[in-house]
Amino acid sequence: MPESLLPNIIQFLSQIDPFDKIPKPALRELASYVQITYLSKGENVDLCTEGDEKYLYIVRTGSMEQRKADGVLRARLGSEDLFGFTFLDGTIDSDKGYKAVAIEHSLLYLIPHSALQQLFKASPESAEHFASKAQVRLKSALDVVWSDKEKGLFIKRVKEVASGRVAVVQADQTIQEVAHEMRIVKRTSCAVIYDKDEIVGLITDRDMTKRVIALGASIDQPISTVMTYSPLTIKPDDLVLHAASVMMQFNIRNLPIVENNKVIGLLTTSHLVQNHRVQAIFLIEKIKYATSVSTLASFTPERQAIFEALVEGKVGPEVIGQVMTMIMDAYTRRIIQISIDKLGPPPCEFSWIVAGSHARNEVHMLSDQDSAIVLADDVTENDKIYFKHLASLVCNGLASCDYPLCSGDYMAVNPKWCQPVSVWKHYYKKWVANPEYERLLNISVFLEIRSVYGNNQFEKVLRDEMYANIRQSREFLLMLTNDATNTSPPLGIFNSLVLEKSGENKKTLNVKKYAITLIIDLARIYGLAVESDHSATDKRFQAAYEKGFLSEDSYKNILGAYEFILSFRFNHQLTALKNGEEPNNHIDPNSFGSFERGHLKDAFRIIADLQEAVKVRFGTR
């Protein structure tokens, strides 16, 4: 390569990811090995048969199209895009090979594999940015974006802050024996009580004072006579924010941490009294004691501030979704209670059900209302009038608090979605047995349900009914698969092939439609196939992986892609909020740098690959 071209090559490389992260002396050394090739339209590079030396390719000008061995489109590439990662590990799997074809006259830079290996030896931290596996590159990208600095108590996991000291006793032990175990042996304020292998109760030192000493009860009685029955528990991986919310909601001071029915620790209110300002917990506490919808509506700026703090603090998107969901739960429960105080006690048992992103614990600043009311089967027509008023008050109240009404009218205020258990069972049976477009749309909304108020057993009844019907239908997962794979991820985004064609969002990418919704739909299919009780997207993929429906590579790839795309959307929304604009899902590709573009393409390819896998597994009769 002529020495005169070197400054131009160095300048070009230094502006694109991941070369912009390489030390300048190392970049100059790497650039000296660059080879330049020109392809006419229609010419191709066969990466499997290029010769003994393998290369990383960079598109300097023009456009390239990657095709898999079977002819399926892998990606379209433009200026500053890279390809050839697959071959950096020194081995070639012919099943994963692909060809790159010039779809217009193109100039390519080629960096020899041997030169990159020299770079990795001199600068090991650079290796992940050039890794052959997309999941490693995405993880590397997230490590750049997300800081590991202290993020505050409220996004820690319970197991990180709780005490391992907890007394575990049997229900037939005497009060004195239990008090000795608590005070002398374990030196703890709480004991968890088992009946053989089942947790049946809880006793605290305060309970001992009120129920034993103050009443003069005999200390020779079994502890079961004074214990609190059916105590609330928490899982080790739950957020401290969730635990604190539960403690405030039910006015309790001790939460046993339980895993596989075994007590492994205890969370107390004292664990929460640290030098941290748990802003979201304070908001939930304020919501709990608000006496009017107008007061709740005044908290909207604080809710937005929490979202902004989470995104700016580089908190993982799954945690952001959980925190924002807990806040929306708190709003919903409080507005229901305010409405009941106004209308009087409900005339029969009911459950307020949420659906969509709210049910999946994936609430964000654009989440609207998706809700329903499930009524007891003994409900009368007069009773339904009460719930019609309740639904109207709650849905309008949430709208006043900037949780938009659902444009598709999937809300409890619609009489169709305020029905007895028996009618809901009939809905699911009809939707699954005959899933034409309208019914498929209906069930797609209510495939994720979660009870946030009232009799939560109704949620389990409906989920059991749904799975029972799906097991009997050979067509249902096929229909869902066809629907989930009907839209392809934007492999050609940077050639303007999947941008919005008209309207105010013209020439922007709808990241929800072309990426996030596709991943959610794929997770839904896998979750239903393995009958997972989880609604969250990541938990559904995890359940499918644990049941052998997903390989480890596919599982890690899709989770990495989902996390990266969510973080990308959250940062886009944060920018809009900071600019005083309405946040949305429409992103101008001209605003992408090479960092975002490269990693988004990795994510889009992962989605496309999983769509193909779903077609093979579920798309045949």
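This is a predicted model: local features need pLDDT of at least 70, side-chain atom pairs count only at pLDDT 80 or more; totals for chains, interfaces and linings use all residues.
Residues are numbered from 1 along each chain as its sequence is written, and side-chain values use heavy atoms, with hydrogens and water left out. Local features need pLDDT of at least 70 and side-chain atom pairs pLDDT 80 or more, while totals for chains, interfaces and linings use all residues.

**Exercise 1.** State how many helices and strands the chain has, and what share of its residues is buried.

Solution. Step 1: take DSSP runs, numbered from the N terminus, with helices as H or I of at least four residues and strands as E of at least two.
Step 1: apply the burial classes (buried under 20% relative accessible area, exposed over 50%, partly exposed in between; 1.4 Å probe, protein chains only). Of 621 residues, 52% are buried.

**Exercise 2.** Find the number of disulfides and examine C418.

Solution. Step 1: a disulfide requires a pair of cysteine sulfur atoms within 2.5 Å. The count under this rule is zero.
Step 1: C418 is in no disulfide, and the nearest cysteine sulfur belongs to C348, 9.0 Å away.
Step 2: C418 counts as buried because its relative accessibility is 8%. C401 is also buried, at 0%.

**Exercise 3.** Describe the setting of S444.

Solution. Step 1: S444 lies in helix α17, which spans residues 437-446.
Step 1: with a relative accessible area of 14%, S444 is classed as buried.
Step 2: contact means heavy atoms within 4.5 Å. Setting aside neighbours within four places in sequence, S444 contacts L480 and R524.
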